[in-house]
Amino acid sequence: MSVPPDEMPEAAQRRLQQGSFSSGLSVADFGACLDMGLEPVGLVQGFCAMHWGAYSMGVLGRGVPPFAAAQGGYVQNYQCPHNMMTAEHRSWGQNYQQGWIEDAWRTGFNNAYSRRRQEAQSLGADGVVGVVDAQNPLSDTGVVEFHLRGTAVTLRDASASSTPPNAAPSSPWSTFLAGQRLAKVFEAGYAPVTIVTSVASVRMWSYCITEFLLDGNNVPWANTTGSSEIHQVVDAQNQVRDLVRSRVRSSLHGDALLGAHLEVSAREVAKGDFEFQSRLSGNRVRRFKEFEPLGVPRATVRLS
Amino acid sequence: MTSAATPPGPSLSNQVRRALLEPVIPTDTTTSTTSDLSIDEELNLRSIGWEPVELVSAVSLQSIPYGFWNWGQGEIEVASRAHAAAFLSATTRLVREAGAAGAHGVVGVHIDRAVHPTFVEVSLVGTAVRPVDRSQRLSRGVFASDLSARDFTMLMVAGWEPLGLASGASFVFAPRRSMSSTLQQQTQNVELTNFTEAMYSARESAMQRMQEMAIDMHGAGVVDVTVHEGPMAFASHAVGFVAVGTVVRLAASAHQSIQPTAVVSLDDPTVAFDAQTLA
């Protein structure tokens, strides 16, 4: 999203220009940053409150297969083997990617990200360290607040030597790391590029076999007895993980992702109607020098 | 474990300047790597000539027919079998995915397990790793291990190698007491031997299964075994015991002593440089 420069509140512009810095760094991290030549210039933040008005297909969508095929995302159909046509019997099932959920999430995140970046740019920052991102429900009306904050830093004595005259200001780099952990990243030969976060959402409308198995009705006429794998759920769960990982991977362009964190949540929207969401975040870093092999680690026992 | 590498010195700020002022654009955009390792873990891994390749994950759900939890005798075999099948299926997928990424193994596998009345769910996430020297051939199958990269490094330095994840699970009925015993014990402080014996029975079966898996992998033993045991929340007379660990074997001709160095920290009790701002 392109955010106009005047979007930052006037009060925020005045505050950021006042001459004293603010930072979210602990004293230890603050000291480590100074050692690296990084000087904090301000605690920068970005917010975006998104209303989730069109969340799902709703009950009207059910029974219109294959719904998600037109969206161009992942879709997989499951057909009942029993040839039964009753209102109670789920004669088909479908897993599909909810692209509109992912788009809405991306819009909210990108807005908050751009606003935080804009604040950093207005301070003339080279980068943002110790980024914390959060999504919280703002009220009970389907509003989700995206909040990104971090400490904008400048590289000591860098501006005069590094930026050519009339050059467009580059986007500040960002990382979830701060302090000694960031120092180790540099020593390992990596330079931070940006934080990376992405989500994937897969909806599962179960068909008869999945429903029988989830309810424990493993009976011969359901073609299942004893214990067996619940393929439709396994497909949905694996897909929601694969989708988010491949999306993040495609955004790296040859860089590496460090300290990745993969979260997956599941909720039952209604009987036989499940939603799986995955979120993967991490630090995109770029190698700037060849790795210098460390010595073999030496074990120590602390006597204190 | 500490590293014998050169500690951060006065050149740190110069390295930071170089990293930020002389950006290198990757020439090969197809070689991205992803990992959930911390920077410390990656440094440990690289110190023994290994590197992360890709974040891998796998899931399996196995159904349990309704009605097996509340009445019966002895082991609830269908639940034990479902757990074993879910674990095996998820591990197989994880290892296959790592193999497809060109890795020799998966370290730091996070294991999420949940036993529900009608199904068992196992989900695994870890980082696929391989030797930096690509000419090294895989001498055995791709392994999966719940050891952290630090523990994996320590294990390799000591001359051992991981072979895979082993798991054993057993769910057993605690037989119901007779009416007379129940009434008799109502006002007594006594051991309920039916529950104690059920726990022992579940423990033996689960540990036996885990050890059999280790033997099948030609392992010498299982390290870092974690145990989950107790009553099943949804079935008042069933107890469960699950053991999971990493199968290892000696790769060198003999165990290499790591000979830890004793250190006395002169720091204050306050932890220095703990990154408090990390999410």
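How many bridges join strand 8 of chain A to strand 1 of chain B, and do these strands run parallel or antiparallel?

Guide: A note on the model comes first. This is a predicted model, in which local features need pLDDT of at least 70 and side-chain atom pairs count only at pLDDT 80 or more, while totals for chains, interfaces and linings use all residues. Residues are numbered from 1 along each chain as its sequence is written, chains are lettered from A and ligands numbered from 1 in the order in which they are written.

Now the strands. Two bridges join strand 8 of chain A to strand 1 (residues 33-34) of chain B, and the two run parallel. Strands pair if DSSP finds at least two bridges between them. Strands here are DSSP runs (E, at least two residues) and helices are runs of H or I (at least four), numbered from the N terminus. Opposite Thr34(B) in strand 1 of chain B stands Leu257(A).

The loop between helix 7 and strand 8 of chain A holds His253(A). Its phi is positive, about 50 degrees, although it is not a glycine. Most residues other than glycine have a negative phi. His253(A) counts as partly exposed, because it has 15 C-beta neighbours inside 10 Å. The cut-offs are 20 or more other C-beta atoms within 10 Å for buried, 12 or fewer for exposed, and partly exposed in between, with C-beta atoms placed from the backbone.

Step back to the whole interface. There, 74 residues of chain A are in contact with 74 residues of chain B (C-beta atoms, placed from the backbone, within 7 Å). Among the elements that each supply at least two residues on the chain A side are strand 8 (256-270), helix 7 (231-250), helix 2 (27-36) and helix 5 (179-187). That side divides into 36 nonpolar, 22 polar and 16 charged residues. Ala, Val, Leu, Ile, Met, Phe, Trp, Tyr, Cys and Pro count as nonpolar, Asp, Glu, Lys and Arg as charged, and the others, Gly among them, as polar.

Two of those helices also pack on each other. Helix 2 and helix 5 of chain A meet at about 30 degrees, with axes 7 Å apart. Axes are lines fitted to C-alpha atoms, for helices over the stretch in contact, and angles run from 0 to 180 degrees between N-to-C directions. Helix 2 and helix 5 of chain A are therefore roughly parallel (under 35 degrees; over 145 is roughly antiparallel, 65 to 115 roughly perpendicular, the rest oblique). Ala32(A) and Met36(A) of helix 2 are among the contact residues, as are Ala183(A) and Phe186(A) of helix 5.

Key:
Contact = placed C-beta atoms within 7 Å.
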